Amino acid sequence: MNTIIRNSVLGIAGLAFAGGVAAGPMTDTTHTSAPSVGATAVAVVQADKPSVDKSKLVPHGVQGAQSHIDLSDEQVENVKAIIAATKKAGMDERAAVVSIATALQESKLENLGHLGDRNDHDSQGLFQQRPSSGWGTVEQITDPEYSTTAFLKGLKQVDGWQDMPLTKAAQTVQVSAYPDHYAQWEQQAADLVAEHWNS
């Protein structure tokens with residue numbers, strides 16, 4: 001019985017090792033021998049979706065307790081729109097993390113229209129930008145690509161934003177009444193960028 005258990009454990013460990021090797025960086029895409037079935041599936045996924053350097057996503061570590069929400073399909077589409085606008089602006093994964101964390105705090109990644117009595121002045125869209133503050137028209141700031149691009153334009157003007165804690169970088173752009181609240185979304189934002197940056 002011990003021999004069967006031991007062989008089973010070694011077999012599982014061997015599969016885990018093979019999967020880990022296949023999931024690692026692949027510099028040579030030619031294979032002379034057929035890998036195991038499990039390793040082939042992992043290799044195909046990794047080839048289609050290169051991994052993101054997670055150390056660049058949260059370079060200073062997260063600050064304070066982290067929040068997390070489950071996302072609807074619409075919210076995930078907004079994540080993808082933010083990432084696409086970030087790439088189009090020629091900015092990196094860290095800029096996407098800052099953007100997504102900001103949108104998580106401001107709107108929970110929902111492209112909000114005017115909320116009536118609950119509205120903060122004339123704030124709208126993913127980033128709760130205000131037409132009266134020069135962010136653009138209502139139509140513009142409720143367009144995810146436009147609003148992200150506007151946020152990133154502000155972020156680019158923050159000298160040394162890459163080396164700041166996320167909440168300070170976001171607050172410098174947003175000028176929120178709650179400047180420390182952005183920090184709680186950094187881990188979820190980083191996870192979303194890791195998942196969708198190459199999707």
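## An enclosed helix

Seven of the nine residues of helix α8 are buried (under 20% relative accessible area, with over 50% counting as exposed and values in between as partly exposed, for a 1.4 Å probe and protein chains only), so this helix is largely enclosed by the rest of the structure. The buried residues are L166, T167, A169, A170, Q171, V173 and Q174, and what covers them includes α5, α7 (144–156) and α9 (186–196). Just after α8, V175 takes a positive phi of about 50°.

## The model and the chain

This is a predicted model, in which local features need pLDDT of at least 70 and side-chain atom pairs count only at pLDDT 80 or more, while totals for chains, interfaces and linings use all residues. Residues are numbered from 1 along each chain as its sequence is written, and side-chain values use heavy atoms, with hydrogens and water left out.

The secondary structure of the protein chain comes to nine helices and zero strands, where helices (H or I, at least four residues) and strands (E, at least two) are DSSP runs numbered from the N terminus. Of the 199 residues in the protein chain, 36% are buried. Among contacts (heavy atoms within 4.5 Å) between residues at least 6 apart in sequence, 62% join residues at least 24 apart.

## Helix α5 against α8

The axes of helix α5 (residues 93–107) and helix α8 (residues 166–174) come within 10 Å and cross at roughly 70°; axes here are lines fitted to C-alpha atoms, for helices over the stretch in contact, and angles run from 0 to 180 degrees between N-to-C directions. That makes α5 roughly perpendicular to α8, a term for angles of 65 to 115 degrees, whereas angles under 35 count as roughly parallel, over 145 as roughly antiparallel and the rest as oblique. The crossing of α5 with α8 is right-handed, meaning that the near helix is turned clockwise from the far one by less than a right angle.

On the α5 side, R94, V97, V98, A101, T102 and E106 take part, and they meet L166, A170 and Q174 in α8. The residues of this contact divide into five nonpolar, two polar and two charged, where Ala, Val, Leu, Ile, Met, Phe, Trp, Tyr, Cys and Pro count as nonpolar, Asp, Glu, Lys and Arg as charged, and the others, Gly among them, as polar.

## Helix α9 and its partners

The axes of α5 and α9 come within 8 Å and cross at roughly 130°, and the two helices are therefore oblique to each other. Their contact is made by E93, R94, A96, V97, I100, A101 and L104 of α5 and by E186, Q188, A189, A190, L192 and V193 of α9. By class, the contact of α5 with α9 has nine nonpolar, one polar and three charged residues.

Helix α4 (residues 73–88) has its axis within 10 Å of that of α9, and the two cross at roughly 75°, which makes α4 roughly perpendicular to α9. Here V76, V79, K80 and I83 of α4 meet L192, V193 and H196 of α9, a contact with five nonpolar residues, one polar and one charged.

## A buried glutamate

E186 has its place in helix α9 and is buried, with a relative accessible area of 2%. Its side chain makes a polar contact with the side chain of R94 (2.7 Å); such a contact is a pair of N or O atoms within 3.5 Å, and within protein one must be able to donate a hydrogen and the other to accept it, while residues adjacent in sequence count only if both atoms are side-chain atoms. Not counting residues up to four places away in sequence, E186 touches residues including V97, A101 and L166.
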